[in-house]
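Thanks for coming. Please have a look at the model before I start.

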Amino acid sequence: MTFEKILTAGEDTKLSVADSEFTIAGIERLKLASGDRMTWMWGSDAAWLVVDPDGDELIILAPVENEVELDEEGFALYMGNSYEEMYEDTGELLTCSGECEHEDGDTFEVKQFETDRGEILRRLTWTGYGEEVWFTGKMVTEEDVRET
């Protein structure tokens, strides 16, 4: 599925992402402090598809099941794996459609950690609420996304 088709998919669209079912429940359009604009698609099962068409990047994430430990040197430990901090940004929610837990104008911080095998651990903090949520996942390609 092309980036254009992914971005025009609406709520309740059923996708297969890396051979896992993903039903779009909510769609958030965001602006990052870096100037990038992206789309976050939230699945009905709390999964999260990050779509960055400018960077040709797709990331599929699911909520973590166990505690994440952080150290002072920029590493996170999860399920016996060490993840190195690779990315950090802040942003603002511009619009939301479908099932949304947040409102237009809400701000957030995102921090991403990765293993040398490409596994991703991402922390999302909604700054106005102090809500911190961890996700784990991986990069996928357009070929990994199909409408079902």
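Is E85 buried, partly exposed or exposed? E85 has a relative accessible area of 28%, so it counts as partly exposed. Keep in mind throughout that this is a predicted model.

On to what E85 does with its side chain. E85 and K111 meet in a salt bridge, at 3.7 Å from N to O. E85 belongs to strand β8 and K111 to strand β9, so this pair ties together parts that are 26 residues apart in sequence. K111 itself is buried, because its relative accessible area is 16%, and the cut-off for buried is under 20%.

K111 has another partner. Its side chain also meets that of E88 in a salt bridge, 3.9 Å from N to O. Here again K111 is in strand β9 and E88 is in strand β8, so the parts tied together are 23 residues apart in sequence. E88 is exposed, with a relative accessible area of 51%. Taken as a group, E85, E88 and K111 are linked in a network of salt bridges.

Across the whole structure, the search finds six salt bridges. One of them joins the side chains of R117 and D116, at 3.6 Å from N to O. Both R117 and D116 are exposed.

E11, D12, E99 and E101 gather in a patch of negative charge on the surface. Of these, E99 is found in the loop between β8, residues 81–98, and β9, residues 107–114. E99 counts as exposed because its relative accessibility is 62%.

Now the rings. A pair of aromatic rings is described by the distance of the centres and the angle of the planes. The search of the whole structure finds nine aromatic pairs. In one of them, W40 and F108 have ring centres 4.8 Å apart and planes at 55 degrees, so the pair is tilted. W40 sits in strand β3, residues 37–43, and F108 in strand β9, so the pair links distant parts of the chain, 68 residues apart. W40 is buried at 0% relative accessible area, and F108 is buried at 1%.

F113 and W134 make another tilted pair, with 5.8 Å centre to centre and 35 degrees between the planes. F113 is in strand β9 and W134 in strand β11, residues 131–140, so parts 21 residues apart in sequence are tied together. F113 is buried at 2%, and W134 is buried at 11%.

Last item: W40, W42, W48, F108, W126 and F135 form one aromatic cluster.

Notes
Residues are numbered from 1 along each chain as its sequence is written. This is a predicted model: local features need pLDDT of at least 70, side-chain atom pairs count only at pLDDT 80 or more; totals for chains, interfaces and linings use all residues. Side-chain values use heavy atoms; hydrogens and water are left out. Patches are made of residues with over 30% relative accessible area and no salt bridge: like charges are joined within 9 Å, nonpolar side chains (Val, Leu, Ile, Met, Phe, Trp, Tyr) within 5 Å. Accessible areas come from the Shrake-Rupley method with a 1.4 Å probe; for residues, only the protein chains shown count as cover. A salt bridge is a side-chain nitrogen of Lys or Arg within 4 Å of a carboxyl oxygen of Asp or Glu. Lys and Arg count as positive and Asp and Glu as negative; His and the chain ends are not counted. The place of a charge is taken as NZ of Lys, CZ of Arg, CG of Asp or CD of Glu. Helices (H or I, at least four residues) and strands (E, at least two) are DSSP runs, numbered from the N terminus. Buried means under 20% relative accessible area, exposed over 50%, partly exposed in between (1.4 Å probe, protein chains only). Rings of Phe, Tyr and Trp (its six-membered ring) pair if their centres lie within 6.5 Å; planes under 30 degrees apart count as stacked, over 60 as edge-to-face and the rest as tilted.
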